[in-house]
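These notebook entries record what I looked up in one predicted model.

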Amino acid sequence: MVDSILTTSSHRNLSQIRSWFGSPLGEQLLQTEIAVHDQLLGHMFGYHILQVSVQEKSLFESSPIQNKMSLGLESKDQSAFIAKPTELPFEDDAADVVLV
């Protein structure tokens, strides 16, 4: 398995933004984002939902869609898929809902 698909600079930026989301302001933004998703996702339907985010926390728990996938950005992420967000390892129309 590849340790990281990110450049050193991208890895540093990812670490910084993830650290920021752990701050009180970042946590407040994350909770607001989850509340908005909870309102919207209940009305979305399909077979597959994909999360492409710097967040390691699931943002699609309120979705009725059964097949939930999260794209990881580094090998330590808890995800079945590790890829660059600009080079998704999926065919066109593979996901019905994508959270970016």
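**Entry 1: a salt bridge.** I found that the side chains of Asp77 and Arg18 meet in a salt bridge, at 2.9 Å from N to O. This pair links distant parts of the chain, with Asp77 in the loop between β2 and β3 and Arg18 in helix α1, 59 residues apart. I took a salt bridge to be a side-chain nitrogen of Lys or Arg within 4 Å of a carboxyl oxygen of Asp or Glu. Asp77 and Arg18 are both buried, where buried means under 20% relative accessible area, exposed over 50%, and partly exposed in between (1.4 Å probe, protein chains only).

Entry 2: Residues are numbered from 1 along each chain as its sequence is written, and side-chain values use heavy atoms, with hydrogens and water left out.

Entry 3: I recorded a salt bridge between the side chains of Arg18 and Glu56 (3.7 Å, N to O). Here too the pair links distant parts of the chain: Arg18 lies in helix α1 (residues 8-21) and Glu56 in the loop between β1 and β2, 38 residues apart. Is Glu56 buried or exposed? Glu56 counts as exposed because its relative accessibility is 56%. Arg18 has a relative accessible area of 16% and is therefore buried.

Entry 4: I searched the whole structure and found 4 salt bridges. One of them joins Lys76 to Glu74, with the closest N and O atoms 3.8 Å apart. Lys76 is exposed at 57%, whereas Glu74 is buried at 4%. Arg18, Glu56, Glu74, Lys76 and Asp77 are linked in a network of salt bridges.

**Entry 5: strand β1.** I then turned to β1 (residues 48-52), where 4 of the 5 residues are buried, so the strand is largely enclosed by the rest of the structure. Helices (H or I, at least four residues) and strands (E, at least two) are DSSP runs, numbered from the N terminus. Two strands pair if DSSP finds at least two bridges between them. β1 runs parallel to β2 (residues 67-72), joined by 5 bridges, and Ile49 stands opposite Lys68 in β2. β1 also runs parallel to β4 (residues 97-99), joined by 3 bridges, and Gln51 stands opposite Leu99 in β4.

**Entry 6: confidence.** I noted a mean pLDDT of 88 for the chain, with 96% of its residues at 70 or more; pLDDT is the predictor's confidence in each residue, from 0 to 100.

Definitions and conventions:
Predicted model: local features only at pLDDT ≥ 70, side-chain atom pairs only at ≥ 80, totals over all residues.
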